[in-house]
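User: I am new to this structure and would like to learn how to read its features. Could you guide me through them, with the general idea first and the case here second?

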Amino acid sequence: MIDEDGAPAERVLAEIRELRALDRPTHGGRLFAYVYDPAVPGLDELAAAAHAASAHVNGLDPTAFPSLLAMENALVGAAARLLGGGPGTTAAEVVGSVTSGGTESLILAVKAARDARPELTAPRIVVPASGHAAFAKAAHLLGVTLDTVPVDPRTLRPAAADVAAAIRPETVLVACSAPSYAHGVIDPVAEIAAAAAAAGVRCHVDACFGGWTLPYLRRLGVPVPPFDFAVDGVTSISVDLHKYAYAPKGVSVLLHRDPALRAPQYFAYADWPGYTMVNPVLASTRSGGPIAAAYATLRHLGDAGYLRLAAATRDAVTALADTVRGVDGLRLMAEPESTVVCFTTADPELDLFVLVDELTARGWHTQPQLRYADLPASVHLTVTASVAPRVAEFGPALADAVAAARAAGPVRLPAELAALATSLTPAALTPELIAGLAAGLGLGGGAGPLPDRMATVNTLLDAAPPALRERLLVEFVGLLQRPAWPTGD
């Protein structure tokens, strides 16, 4: 790994290129998750150059690096204007911070709400079951109790009355999504925010996924319900710039309606002999690279560029939804409201996880989602502007993959595996049992490649209850993440 005298630059870059060849394609409109590709020529090169120019700038001290402060303020200002913070709106005093991603933005929203109520010894947050898992992570890290509200299996939304009923005197934050990541539907933000305001509780809108594109879709005539600072009772909003602002990862913005709401987000510490630490976000040292890359991306694309990209994405979503409707055995989980197409099977003999593998074999990389409560397993498609030119190709590929999945038939877990999935508790998982399960599923460790087909793995996880599913995934990923020792060549 580390040569005694160092390795030549070209050799190192060749190694990285070789490793990158193992990855899913980040461009080309065939990966429906994880990456956001606008298919704008020259944008990657611009962002890379901006990143390089500020990679060694440290966001720890804005007085030492005012360039980074100026770019952060510009990004926050752009997000604030888009989401209701411009002159003449009810949110003219909006302030914000640039974070490393949506998870950090949500953790900080929970921290600010918790720390604003120091008198509470057992704070709680209310989140719809469809809320992003980062809320659960925030609750875990910050010692806050998570109260989840179920979603209607037909609308995939929580009822505002159920959210209101879940608010307790110890509740410090109520959350909702615009849209939810899993299914792409927008929660009843106005009603939820009103319930939170009536109880004197903050309301955070997780618009990490849709915050940058919903305002443009609205301008294009899509009936987007109110979700931003124009809604009374909304106190904070998160929006990821590395999603539909098409900036490189990882850059998100957390907005607060006014400075007083943001104040508890900061961490400050002076009771030591070193420098007084003041952090608006979780990290202290932060590279300026991602922030500069996001700044360059927003400046280059501009308002007209984002409107054009939103139109291309809208057209792709419409066409993909029509494609799914036209395939026998599939059904949409919801009518698309934003940039997500989510579908499931309407035929018990059509195995969703086998279908995902068949699509992968044809070069289309989708995201399977496991069963939850009354909701079936589903396939999530994150649709970006780069997908638009590929839609005509996806239709025949989907039909062909469905036919192949029907021919293959559903995955049948061996009886002993099925029994383990339904009877084991996390505490009963021994290292030997985990190793045996992993080997049987082709997850032997980092020394070998991952299996080409994941239907059996997903079927096992789908059969397991959530607590066991979590433990299995932790152990499986742990087997993959092993040190790469020097080979000596």
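User: How is the relative accessible area of Arg 325 to be read: is the residue buried, partly exposed or exposed?

Analyst: Please note first that the model is predicted. A residue counts as buried under 20% relative accessible area and as exposed over 50%, with partly exposed in between. Arg 325 has a value of 41% and is therefore partly exposed.

User: With which residue does Arg 325 form a salt bridge?

Analyst: A salt bridge is read from the distance between a side-chain nitrogen of Lys or Arg and a carboxyl oxygen of Asp or Glu, which must be within 4 Å. Here the partner of Arg 325 is Glu 335, and their closest N and O atoms are 2.5 Å apart. Arg 325 belongs to helix 10 (residues 289-325), whereas Glu 335 is in the loop between strand 10 (330-332) and strand 11 (340-345); the two are ten residues apart. Glu 335, at 49%, is also partly exposed.

User: Is Asp 228 buried or exposed?

Analyst: The cut-offs already given apply again. Asp 228 has 8% relative accessibility and so counts as buried. Its salt-bridge partner is Arg 218, with the closest N and O atoms 3.9 Å apart. Arg 218, at 33%, counts as partly exposed.

User: How many salt bridges are found in the whole structure?

Analyst: The search finds 25. Salt bridges may also be read as a network, as with Glu 358, Arg 362, Asp 400 and Arg 453, which are linked in this way.

User: At what angle do helix 14 and helix 16 pack?

Analyst: One compares the directions of the two axes. Helix 14 (residues 431-440) and helix 16 (residues 466-480) pack at about 75 degrees, and their axes are 10 Å apart. Angles of 65 to 115 degrees count as roughly perpendicular, and these two helices are therefore described in that way.

User: Which residues meet there?

Analyst: Helix 14 contributes Ile 434, Leu 437 and Ala 438, which meet Arg 471, Leu 472, Glu 475, Phe 476 and Leu 479 of helix 16. By class, this contact has six nonpolar, two charged and no polar residues.

Key
Residues are numbered from 1 along each chain as its sequence is written. This is a predicted model: local features need pLDDT of at least 70, side-chain atom pairs count only at pLDDT 80 or more; totals for chains, interfaces and linings use all residues. Side-chain values use heavy atoms; hydrogens and water are left out. Axes are lines fitted to C-alpha atoms, for helices over the stretch in contact, and angles run from 0 to 180 degrees between N-to-C directions. Helices (H or I, at least four residues) and strands (E, at least two) are DSSP runs, numbered from the N terminus. Angles under 35 degrees count as roughly parallel, over 145 as roughly antiparallel, 65 to 115 as roughly perpendicular and the rest as oblique. Contact means heavy atoms within 4.5 Å. Ala, Val, Leu, Ile, Met, Phe, Trp, Tyr, Cys and Pro count as nonpolar, Asp, Glu, Lys and Arg as charged, and the others, Gly among them, as polar. Buried means under 20% relative accessible area, exposed over 50%, partly exposed in between (1.4 Å probe, protein chains only).
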